[in-house]
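Thank you for giving me a few minutes this morning. I would like to walk through one structure with you, slowly, so that anyone new to the group can follow along on the screen.

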Amino acid sequence: MSDAWLEVSDENINVEEIMRRIRERVTSHGAVPSAEEPEESPLAVAEALWKEMIGDAFEESTFSRLVSVRQRDCDIVPRYYVIDWRIPILGPIHAVVRRIINAEIRRYLLPSLDKQSSFNRKMLRALKGLAEENARLRQEIEALRGAQESEIG
Amino acid sequence: MQIHQFHPTVAYGNAIGDQVLSLQRLLRHLGYSSEIFCEQLPLHFQGRTRRIAQYSHYSSPANILLLHFSLGYSPAVLSWLEHVPDRKVVVYHNITPHVYFDGINDVYREAAEVGREQLDRLSVLTEAGWGDSTFNCQELVERGWTRLGVLPIIFDPQRYRVRPERQVLQRWQGGVNILFVGRVSPNKRFEDLILTFYYVKRLVRPEARLLLVGSWRGMEPYLDFLQALIERLGLSDVFFAGHVSTAQLVAYYRCASVYLSMSEHEGFGVPLVESMYFGVPIVAYKTAAVPETLGDSSILVTAKDYAGTAELIGLLIEDASLRDQIVARQRERFQDFLPDKVEGRLRELLYSLGNGVEK
């Protein structure tokens with residue numbers, strides 16, 4: 001823990017004293033070994049997870065340079081959507097109606113959106129495969145051209 | 001003289017919407033005729049806002065039009081502004097840097113990027129720039145504004161004089177509750193709140209709870225990440241409340257033991273002032289406009305030392321004398337944002353514009 005990471009402008013509060021107490025607490029709490037302690041630090045877990053879940057664009061592929069598409073973008077199901085209104089009328093009846101509408105819309109809409117999402121994912125995989133195949137063929141053509149030119153030369 | 005305001009839309013419970021409405025009250029109190037103009041008429045505001053198409057009936061080179069700017073204008077609005085002869089002042093509420101939305105929401109990312117570019121155009125169209133904070137004004141300086149002024153967000157306690165929602169009180173009152181209020185957005189660094197809370201649970205107060213109040217609309221990938229992080233760390237007692245009503249918000253503040261902010265980008269920070277008002281001790285990461293809003297109150301951390309911050313929270317919970325000192329200074333600070341105080345500042349800013357604006 002670095003020393004100067006705390007600021008209090010109130011001159012009646014002794015920052016040094018607070019820091020001393022924090023250091024003491026960290027030492028005493030940190031000294032207790034714990035079998036549950038994860039192997040990785042929590043920060044490392046967060047960073048790895050961020051990379052996995054948010055920073056997962058196919059940045060290096062030719063395809064993504066043209067169209068920035070992520071696996072996540074393929075999923076078009078509004079999973080967090082609920083019908084909601086905040087006009088406090090009719091109490092329980094209103095709540096039941098809302099639940100029924102939510103359930104009914106989900107029953108009607110979600111299967112087709114799931115199908116579309118699945119199709120999007122397949123299309124993305126196919127496009128990515130095609131882009132890779134295209135890049136490989138381009139390299140082959142370049143190699144053949146080079147070989148041909150050296151033969152002619 | 002008339003002083004009108006423009007913002008693309010206005011909503012209750014939104015910092016900018018509340019500021020627009022509060023400013024209208026102050027302007028009228030100062031004797032100016034003042035209306036609010038929007039591109040999209042909001043719901044629940046019948047009669048309080050007007051469409052920009054109606055502005056031609058009010059427009060005059062002698063008027064002042066305050067342009068609230070937070071996420072960018074549509075091309076139609078920019079083109080309209082070029083033809084409005086009124087004196088114009090931009091009121092800058094800041095735009096979250098677009099990089100925070102990378103991989104989270106492409107629409108927000110683009111809007112933030114375009115909005116920041118539009119500042120260059122607005123610097124030509126407006127004669128002065130006001131910011132909620134010096135931090136916001138600094139960006140206006142970088143964009144070419146020379147006449148600047150700080151007009152803080154107006155804090156109207158009247159809005160919070162509602163009965164706190166009983167269900168929230170019943171659920172949370174009495175425990176150790178660490179609170180953060182703000183939209184679930186990457187610039188607010190919810191992961192840092194969770195990491196700090198990890199150490200609070202493990203080292204300081206195992207019974208503690210982390211209450212996160214704010215909408216996640218449009219930020220679902222980020223919410224998914226946060227929930228995965230909570231699961232991976234094996235954490236319990238982290239609650240996402242989503243968007244809440246004023247009665248619920250008041251209840252959350254009433255239940256809070258400490259307000260923790262690890263946000264990296266704030267143009268002002270209304271929840272900080274709310275915490276001051278409700279007597280919740282604040283621990284905040286020192287960045288952007290946060291130290292300016294807190295003034296000489298509260299506790300700032302200058303590094304993300306999660307374990308140390310967790311111990312600091314423990315200290316604040318356990319040491320009543322320290323907590324009372326912090327809260328007392330916070331109560332003094334929040335007075336600076338009351339309508340009476342800001343009215344004086346508004347009067348000075350209007351006077352600095354000259355040409356017929358009386359002091």
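**Two chains, one predicted model**

Let me begin with chain A, where 3% of the 153 residues count as buried. Please keep in mind from the start that what we are looking at is a predicted model.

Is K51(A) buried or exposed? K51(A) counts as exposed, because it has 10 C-beta neighbours inside 10 Å, and a residue is called exposed when that number is 12 or fewer. If you now look for R145(A), which is 94 residues away from K51(A) along the chain, you will find that the C-alpha atoms of the two are separated by 40 Å.

Let us turn to the place where the chains meet. The contact between them takes 29 residues from chain A and 32 residues from chain B. On the side of chain A that touches chain B, at least two residues each are supplied by strand 1 (6-7), helix 1 (15-30) and helix 2 (42-53) of chain A, and the largest share, seven residues, comes from helix 2 of chain A. Sorted by class, this side of chain A has 18 nonpolar, five polar and six charged residues.

There is also strand pairing across the two chains: strand 1 of chain A pairs with strand 13 (residues 299-301) of chain B in the antiparallel sense, over two bridges. Within that pairing, E7(A) has L300(B) as its bridge partner in strand 13 of chain B. As a reminder for those who are new, strands of a sheet pair through backbone hydrogen bonds, and they can do this either parallel or antiparallel.

Now to chain B, which is divided into domain 1, made of 3-154 + 338-353, and domain 2, made of 158-336. The C-alpha centres of these two domains of chain B lie 28 Å apart, and the contact between them takes 19 residues from domain 1 and 18 residues from domain 2. On the domain 1 side of that contact, helix 4 (residues 134-142) of chain B gives the largest share, which is three residues, and by class this side has nine nonpolar, eight polar and two charged residues.

In what order do the strands of the open seven-stranded sheet in chain B run? The order is 3-2-1-4-5-6-7, with parallel pairing. Strand 3 (49-51) and strand 7 (148-150) of chain B stand at the edges and have a single partner strand each, so one side of each is left without a neighbour in the sheet. On average, and with direction ignored, neighbouring strands of this sheet are turned by 30° against each other. To take one pair, strand 4 (residues 64-69) and strand 5 (residues 87-92) of chain B run parallel and are joined by six bridges, and here L67(B) has V90(B) as its bridge partner in strand 5. Helix 1 (residues 15-29) of chain B lies across strand 1 (3-6), strand 2 (36-38) and strand 4 of chain B, and runs at about 175° to strand 1.

My last stop is the largest nonpolar core, which has 107 residues; I178(B), L179(B) and Y252(B) are among those that touch the most other members.

Finally, look at strand 8 (residues 177-181) of chain B, where five of its five residues are buried. Both of its faces are covered, with N177(B), L179(B) and V181(B) on one side and I178(B) and F180(B) on the other. Strand 8 runs parallel to strand 9 (residues 209-213) of chain B and is joined to it by five bridges, with L210(B) in strand 9 as the bridge partner of I178(B).

Technical notes:
Residues numbered from 1 in each chain as written. Chains lettered and ligands numbered in written order. Predicted model: local features only at pLDDT ≥ 70, side-chain atom pairs only at ≥ 80, totals over all residues. Domains from an automatic or database assignment. Contact = placed C-beta atoms within 7 Å. Helix = DSSP H or I, 4+ residues; strand = E, 2+ residues; numbered from the N terminus. Nonpolar A, V, L, I, M, F, W, Y, C, P; charged D, E, K, R; others polar. Core = buried A, V, L, I, M, F, W, Y, C linked by C-beta atoms within 7 Å. Buried ≥ 20, exposed ≤ 12 C-beta atoms within 10 Å, placed from the backbone. Pairing = 2+ DSSP bridges. Axes fitted to C-alpha atoms, helices over the stretch in contact; angles between N-to-C directions.
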